[in-house]
Amino acid sequence: MKVLVVGAGNMGLTYAEGMVKSPFLNRRNLMIYDASPEKTLTLSKIPHFDVFEKLEDALPLADVVFIAVKPFHSESLFADMKPQVNQDQIFISLMAGITIDTIQQGLGIKKVVRTMPNLPAKVGKGVTSFTEAKEVSRVELLMVRNLLDTTGEAIHVENERFINASTGISGSGPAYVFYFMQSMMEAALKMGFSANDSRVLVSQTFEGAVALFNESDLSPNSWMERVASKGGTTRAALDSMEDNNIKELIKEAAYAAFNRATELGK
Ligand SMILES: NC(=O)c1ccc[n+]([C@@H]2O[C@H](COP(=O)([O-])OP(=O)(O)OC[C@H]3O[C@@H](n4cnc5c(N)ncnc54)[C@H](OP(=O)(O)O)[C@@H]3O)[C@@H](O)[C@H]2O)c1
């Protein structure tokens, strides 16, 4: 099986790096193409990629094509690709907001998988939700999952509504975590810690809490109960958050991203 990644920006390169390092796909089977000549030159110095200067040289060789350009480039890309695609190829879109139907129409093909990746894919800790057109077989979908798993974990979702919903949770989610981290770092600085100590205190706290969470089946609520004793310090912080309705505001923020993703898809 040969895979072509079109668009070697943040996401395209992240997936290419993930796939090439996995035992699932070796160097000779991974092709990469970017419209920018400077990027092509940089990529050609990376030994583990087969870099192409012309789309038409790579596209007919591919069994699977990752589309990792910005959504606003999709229309012109589809026009360039259309004359050279075939009905057996599977197209995996990383593009936010571009529907399966739009991709099928734009390329004149049927086998499309739409995904919602997230940024921690860069460090192999991503989560990618994905859903498919009915023309993609179970075997093909399993192969797609294996490819997506190379950057973290892949979650199959029932339909495109859940792709938009996962934009609100995991796609935009890293920014919510950074928001929380920034707030805690600002509090630490205000308490008199150095910038470096604030960074370590906050980063280790997040990493440690997630590690604990992943080691058991306990819910976040149960963990909060465990660490917050009546009249204690943690309880004071959690009560303050509850009094300020923080949980509802976070849910509202996630819905704002979900609604925006739905809107962009129209
Ligand atoms: N970054 C994220 O966290 C994230 C999360 C979820 C989804 N996504 C999705 O991932 C996709 C890629 O985002 P990104 O952040 O990786 O974008 P990016 O860094 O801008 O990368 C896109 C690359 O594609 C190139 N390109 C443009 N038109 C092309 C064409 N016709 N053929 C081949 N290459 C072309 C661009 O070149 P130029 O720079 O010269 O235009 C650029 O190198 C987007 O659709 C986005 O919605 C990203």
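Visitor: Where does Asn 245 lie?

Guide: Asn 245 is in the loop between α11 (233-243) and α12 (246-264). Helices here are DSSP runs of H or I with at least four residues, strands are E runs of at least two, and both are numbered from the N terminus. Residues are numbered from 1 along each chain as its sequence is written. Keep in mind that this is a predicted model: local features need pLDDT of at least 70, side-chain atom pairs count only at pLDDT 80 or more, and totals for chains, interfaces and linings use all residues.

Visitor: Is Asn 245 buried or exposed, and why?

Guide: Exposed, because it has 10 other C-beta atoms within 10 Å. The cut-offs are 20 or more other C-beta atoms within 10 Å for buried, 12 or fewer for exposed, and partly exposed in between, with C-beta atoms placed from the backbone.

Visitor: What about the phi of Asn 245?

Guide: It's positive, about 60°, although Asn 245 is not a glycine. Most residues other than glycine have a negative phi.

Visitor: New topic: which residues come nearest to the ligand?

Guide: Gly 7, Gly 9, Asn 10, Met 11 and Ala 96, out of 26 residues around the ligand. A residue counts as near if its C-beta atom, placed from the backbone, lies within 6 Å.

Visitor: And which elements give two or more residues to that shell?

Guide: Those are α1 (10-21) and α4 (74-81). The largest share, three residues, comes from α1.

Visitor: Last one: where does Gln 204 lie?

Guide: Gln 204 is in helix α9 (residues 195-215). Gln 204 counts as exposed because it has 10 C-beta neighbours inside 10 Å.
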